[in-house]
Amino acid sequence: MIDNNAMFKISYGLFVLSAKEGERDNGCIINTVTQVTYAPQRMTIAVNKENYTCKMIEKTGLFNVSVLTEDVPFSIIQHYGFQRGGQVDKFADGQGLRSENGLKYIDKYTNAYLSGKVIDSVDCGSHRIFLADVTEAVILSDSPSVTYAYYQDHIKPKPEKKVKGYVCKVCGYVYEGDSLPQDYVCPICGHGREDFEPMV
Ligand SMILES: Cc1cc2nc3c(=O)[nH]c(=O)nc-3n(C[C@H](O)[C@H](O)[C@H](O)COP(=O)(O)O)c2cc1C
């Protein structure tokens with residue numbers, strides 16, 4: 001038996017994953033950063049292959065991870081996590097600073113950033129896992145890191161009870177309607193209808 005809800009018992013953080021290709025910066029929200037070794041310092045990220053950020057990392061082999069803190073407003077999650085880099089220039093208004101590798105990191109609502117240089121990657125289906133050497137790691141503040149559970153409970157707005165629909169348990173996207181189509185896939189995070197639950 002596989003109870004998909006058991007997967008939600010795994011705890012995660014929340015991060016802005018950023019990349020740069022030529023003069024173009026981009027970034028998205030991910031919850032899938034893991035330190036895998038400390039000698040040498042290495043980490044993995046799991047990124048949806050449809051994400052603009054994923055395609056940039058596939059080409060350049062470089063990324064930054066900015067560790068978000070509990071005071072992060074929902075607008076930041078929306079900005080990086082609910083918009084696609086192919087349609088919007090998320091760094092158009094000059095936010096963020098540059099790390100040693102020349103990529104942007106987020107300096108507000110964050111407590112650290114890590115720079116990664118990809119040494120391997122695995123195609124896992126919907127997502128690609130990148131294994132990377134940590135080339136820079138800097139503390140920015142003492143604020144507590146936001147967990148995925150904290151985001152779900154305290155930052156993500158609660159859907160209006162009057163609206164009929166289904167909410168994606170992974171990213172919080174709301175599908176409005178009486179029934180979810182059989183082959184429905186979340187337009188934000190790419191998860192299927194089994195990861196949606198009816199709004200009550
Ligand atoms: C809370 C939250 C967690 C997310 N976690 C991931 C993740 O771990 N991996 C991923 O590829 N996308 C994740 N996403 C979805 C991307 O941030 C989203 O699809 C984004 O619009 C992609 O932007 P891009 O196409 O500019 O790269 C998450 C979104 C939210 C709101």
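Student: In this predicted model, which side chain places a polar atom 2.8 Å from a nitrogen atom of the ligand?

Tutor: That atom belongs to Asn-31, whose side chain lies 2.8 Å from the ligand nitrogen, and the pair can be read as a polar contact because the cut-off for two N or O atoms is 3.5 Å. Taken on its own, the ligand has 650 Å² of accessible area, of which the protein covers 98%.

Student: How many residues surround the ligand, and which are the closest?

Tutor: There are 27 residues around the ligand, and the closest are Ile-29, Asn-48, Thr-53, Gly-85 and Ile-188.

Student: How should I read the largest nonpolar core, and which residues touch the most other members?

Tutor: In soluble globular proteins, nonpolar side chains tend to be buried together. Here the largest nonpolar core has 26 residues, and those touching the most other members are Leu-14, Leu-68, Ile-77 and Phe-196. Two or more core residues come from each of helix H3 (74–81), helix H4 (148–155) and strand E10 (165–168), with H3 giving the largest share, four residues.

Student: Which residues make the nonpolar surface patch, and why does Ile-10 count as partly exposed?

Tutor: Met-7, Phe-8 and Ile-10 make this patch of about 260 Å². Ile-10, which sits in the loop between helix H1 (4–7) and strand E1 (15–21), counts as partly exposed because its relative accessibility is 43%, and that class runs between 20% and 50%.

Terms used. Residues are numbered from 1 along each chain as its sequence is written. This is a predicted model: local features need pLDDT of at least 70, side-chain atom pairs count only at pLDDT 80 or more; totals for chains, interfaces and linings use all residues. Side-chain values use heavy atoms; hydrogens and water are left out. Patches are made of residues with over 30% relative accessible area and no salt bridge: like charges are joined within 9 Å, nonpolar side chains (Val, Leu, Ile, Met, Phe, Trp, Tyr) within 5 Å. Accessible areas come from the Shrake-Rupley method with a 1.4 Å probe; for residues, only the protein chains shown count as cover. A salt bridge is a side-chain nitrogen of Lys or Arg within 4 Å of a carboxyl oxygen of Asp or Glu. Buried means under 20% relative accessible area, exposed over 50%, partly exposed in between (1.4 Å probe, protein chains only). A residue is near a molecule or strand if one of its heavy atoms lies within 4 Å of it. A polar contact is a pair of N or O atoms within 3.5 Å; within protein, one must be able to donate a hydrogen and the other to accept it, and residues adjacent in sequence count only if both atoms are side-chain atoms. A nonpolar core is a set of buried Ala, Val, Leu, Ile, Met, Phe, Trp, Tyr and Cys residues joined through side-chain atoms within 4.5 Å.
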